[in-house]
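Biologist: Walk me through this one feature at a time. I will ask how to read each feature, and you show me the case.

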Amino acid sequence: MNLWVDVCDATWTKTGSGPITVKSATIDRVLDGAGTLSLECIATDERTLSTLTNEKRVKVYLSDEISTRLIAKGVIRAVQKSFSQGGLTLSVSGPDSLD
């Protein structure tokens, strides 16, 4: 399975030169309000660091051998960089598109 995001502007129009690979995604849905979205990316690509910034909109896609599905949409409100055994990691989070 492949997991990636397309980065969009405020009108949900795709921007940038291509999708960004995501290491993991956590999606919390809420029945009566906006849920949350958290993404973890390997930040060795300069494009990842410069593109995933506050207030950017992201569309999260999941692809397997059968199909490709849009699994979440959200707004980035928090950005954290950290070092781990895999190198520099970028974690972004924020509310889903209902915000």
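Biologist: Start with contacts. Which residues does Ser 63 touch, not counting residues up to four places away in sequence?

Modeller: This is a predicted model, so keep that in mind throughout. Ser 63 touches Met 1, Asn 2, Trp 4 and Thr 68. One of these, Thr 68, also meets Ser 63 through a polar contact between the side chains, at 3.5 Å.

Biologist: Is Ser 63 buried or exposed?

Modeller: Buried means under 20% relative accessible area. Ser 63 has 13% relative accessibility, so it counts as buried.

Biologist: Where does Ser 63 sit, and what is its bridge partner in β6?

Modeller: Ser 63 belongs to strand β5, residues 57-63. Its bridge partner in β6 is Thr 68. Leu 62 has a bridge partner in β6 too, namely Arg 69.

Biologist: How many bridges join β5 to β6, and how do the strands run?

Modeller: Seven bridges join them, and the strands run antiparallel. Strand β6 covers residues 68-75.

Biologist: Now the whole sheet. What is the order of its strands?

Modeller: The order is β2-β1-β5-β6, an open sheet of four strands with antiparallel pairing. β2 (20-21) and β6 stand at the edges. Each has a single partner strand, so one side of each is left without a neighbour in the sheet.

Biologist: Next, aromatic rings. What describes a pair of them?

Modeller: The distance of the centres and the angle of the planes. A search of the whole structure finds one aromatic pair. Trp 4 and Tyr 61 form it, with 5.7 Å centre to centre and 20° between the planes. Planes under 30 degrees apart count as stacked, so this pair is stacked.

Biologist: Which parts of the chain does the pair link?

Modeller: Distant ones: Trp 4 is in strand β1 (residues 2-8), Tyr 61 is in strand β5, and they are 57 residues apart. Tyr 61 counts as buried, at 18% relative accessibility.

Biologist: Which residue lies over the face of Trp 12?

Modeller: Lys 73 does, at 4.7 Å from the ring centre.

Biologist: Take Val 58. What is it in contact with, leaving aside its neighbours within four places in sequence?

Modeller: Its contacts include Val 5, Leu 39 and Leu 52. Trp 12 and Lys 73 are also among them.

Biologist: Show me a residue in a helix. Which helix holds Thr 48?

Modeller: Thr 48 is in helix α1, residues 46-51. At 4% relative accessibility, Thr 48 counts as buried. Outside the four places either way in sequence, Thr 48 touches Ile 20, Cys 41, Ile 42 and Leu 90.

Biologist: Last one. Is Gln 80 buried or exposed?

Modeller: Gln 80 is exposed, with a relative accessible area of 57%. Its place is strand β7, residues 78-84. Leaving aside neighbours within four places in sequence, Gln 80 is in contact with Thr 89, Leu 90 and Ser 91. The C-alpha atoms of Gln 80 and Leu 90 are separated by 5.8 Å, though these residues are ten apart along the chain.

Technical notes: Residues numbered from 1 in each chain as written. Predicted model: local features only at pLDDT ≥ 70, side-chain atom pairs only at ≥ 80, totals over all residues. Heavy atoms only, no water. Helix = DSSP H or I, 4+ residues; strand = E, 2+ residues; numbered from the N terminus. Buried < 20%, exposed > 50% of the residue type's maximum accessible area, 1.4 Å probe, protein only. Polar contact = N/O pair within 3.5 Å; in protein donor to acceptor, adjacent residues only side chain to side chain. Contact = heavy atoms within 4.5 Å. Phe/Tyr/Trp six-rings, centres within 6.5 Å; stacked < 30°, edge-to-face > 60°. Lys NZ or Arg CZ within 6 Å of the ring centre and 35° of its normal. Pairing = 2+ DSSP bridges.
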